[in-house]
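Hi,

Here's the structure I promised to pass along.

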Amino acid sequence: MKQRILTAAGVLALGGWLAACDDFLSGPGLDTDPNRPSQATIAQLYQGVQVNSFVWFTGDLARVASMWNQLMAGTGRQQQTRDLYEVTEVDFDFDFSRIYTGGGLIDLREIQRLAGESGDRTYAGIAKVWEAYKIGMAASLWGDIPYSEAVGENPKPVLDDQAAVYAAVQTLLNNAIADLQAAAGAGPGVLDQVYGGDRTKWIQAANTLKARFYMHWVEAQLAGGASATRAATACGGNCLTAARTAALSGISSAANDMRTFHTTTAGEQNLWFQFMNIARQGDIAAGERLVELLKDRSDPRLEEYFAPVGSGQYIGAPPGTELTASQLNPAGRGAADFRQPLVTYAENQLILAEANYRLGAEGTALTHLNNARTSEGLAALGALTGPALLTEIALEKYIALFQNIEAWNDHKRLCEPALTPAAGAAVLPGRLFYGEDERNTNPNIPSPGSITDRNDNDPNPCPVPPGDS
């Protein structure tokens with residue numbers, strides 16, 4: 001496992017969001033070279049964590065997940081082939097490494113160490129939420145991952161079982177909540193570009209993440225057998241009841257959504273804006289399945305998400321098709337300073353909707369579904385019961401989590417809407433390859449040919465729609 005503590009210079013290279021250095025002509029500056037820092041401060045480390053996280057959650061991984069989930073489509077060059085599932089280990093080298101290196105797990109652990117020394121449980125709690133968020137999502141994408149031995153002296157850490165990683169993440173989130181409730185220490189304050197150091201909002205986000213990760217194992221638990229045993233390990237019991245309990249303390253309003261932070265300054269823009277307007281114009285566009293679904297539902301989010309093409313029509317592209325299709329709305333989701341939603345009130349309400357439905361409380365489920373809809377400016381639905389209610393919950397989540405990696409995790413569970421795999425493929429992708437660099441340095445990483453197509457928490461591939469086989 002490659003390890004690196006992010007220096008002050010590294011933080012500046014990642015984001016450019018740090019304040020100017022103190023005057024080096026006084027104090028410690030007389031004894032140390034300010035241009036060659038030997039130890040990053042907790043503030044510098046936290047800045048690196050934020051930048052790393054914004055890139056990891058809304059950059060390449062989000063684009064791949066959105067294409068494979070047919071929310072977007074690869075319409076040019078590399079993205080066109082990736083949308084046809086033509087990927088290798090090299091495609092994910094950068095993102096796999098970023099889980100652990102500068103701005104990742106190593107720096108998060110250092111923040112927690114420094115916070116422990118100073119008694120700042122606010123800083124420690126926020127760092128633990130970030131760690132749990134990234135590690136939980138990494139386990140959802142790769143399955144078994146290095147975690148228990150990922151930070152330390154072992155250069156060849158073992159891969160922990162996916163269910164054990166999820167269980168550890170839940171424990172970490174519980175510890176984070178306890179730290180934040182203790183209200184000890186100032187924390188990052190305004191340096192925190194998500195919540196400005198607001199403990200209440202971080203606690204709510206932590207609870208919604210707990211609920212999200214419990215829901216990742218619902219299908220495995222319902223499948224029975226060994227899958228159910230793994231799910232019970234990951235959830236500490238019944239995944240549905242655990243998810244409902246956590247979500248009841250989750251994000252309480254859209255104003256408390258966990259979002260990235262961006263400006264119109266070069267290098268600080270929304271990652272989707274940078275990719276689609278600067279780096280790779282025309283390589284990715286609206287997905288046909290999402291556009292047609294929004295049209296069929298007369299959903300106003302069609303105009304919020306996308307811009308019409310020259311003919312004034314909203315057009316989505318099929319997977320991997322070179323086609324002039326709608327781009328992101330430059331005044332909405334495609335704006336340079338748009339703050340991408342990571343964990344939201346709408347998701348929390350839809351978790352409550354699904355959990356209540358599956359636990360037999362359909363009336364409560366409909367209430368939470370309508371809470372999510374009205375928060376997005378949609379009208380509440382009338383009487384809706386049975387499988388049609390679950391389908392509507394799943395469709396609403398598919399739309400509401402647009403551009404979010406989590407939309408792919410949900411689709412792997414719920415298989416709504418029905419998606420036809422890209423041309424030539426029998427099934428939709430179910431997981432990512434490990435990075436090649438990591439496999440070359442760590443013999444515990446399996447080769448691509450020796451891993452299964454799906455992770456333990458997603459035991460069953462989605463069926464191909466009738467007539468498409």
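A quick definition before the first pair: the axes here are lines fitted to C-alpha atoms, for helices over the stretch in contact, and the angles run from 0 to 180 degrees between N-to-C directions. Keep in mind that this is a predicted model.

Start with helix H9 (residues 199–215) and helix H12 (residues 239–247): their axes come within 8 Å and cross at roughly 165°. Angles over 145 degrees count as roughly antiparallel, so that's what H9 and H12 are to each other. Their crossing is left-handed. On the H9 side, the contact uses Asn-207, Lys-210, Ala-211, Tyr-214 and Met-215; H12 brings in Cys-239, Leu-240, Ala-242, Ala-243, Ala-246 and Ala-247. Sorted by class, that contact has nine nonpolar residues, one polar and one charged.

Next up, helix H8 (residues 162–182) and helix H11 (residues 225–235). These two pack at an angle of about 20°, and their axes are 7 Å apart, which makes H8 roughly parallel to H11. The crossing of H8 and H11 is right-handed. Ala-163, Tyr-166, Ala-167 and Gln-170 of H8 meet Arg-230, Thr-233 and Ala-234 of H11. The class count for this contact is four nonpolar, two polar and one charged.

Cheers

Definitions and conventions: Residues numbered from 1 in each chain as written. Predicted model: local features only at pLDDT ≥ 70, side-chain atom pairs only at ≥ 80, totals over all residues. Heavy atoms only, no water. Helix = DSSP H or I, 4+ residues; strand = E, 2+ residues; numbered from the N terminus. Parallel < 35°, antiparallel > 145°, perpendicular 65-115°, else oblique. Left-handed = near helix turned anticlockwise from the far one by under 90°. Contact = heavy atoms within 4.5 Å. Nonpolar A, V, L, I, M, F, W, Y, C, P; charged D, E, K, R; others polar.
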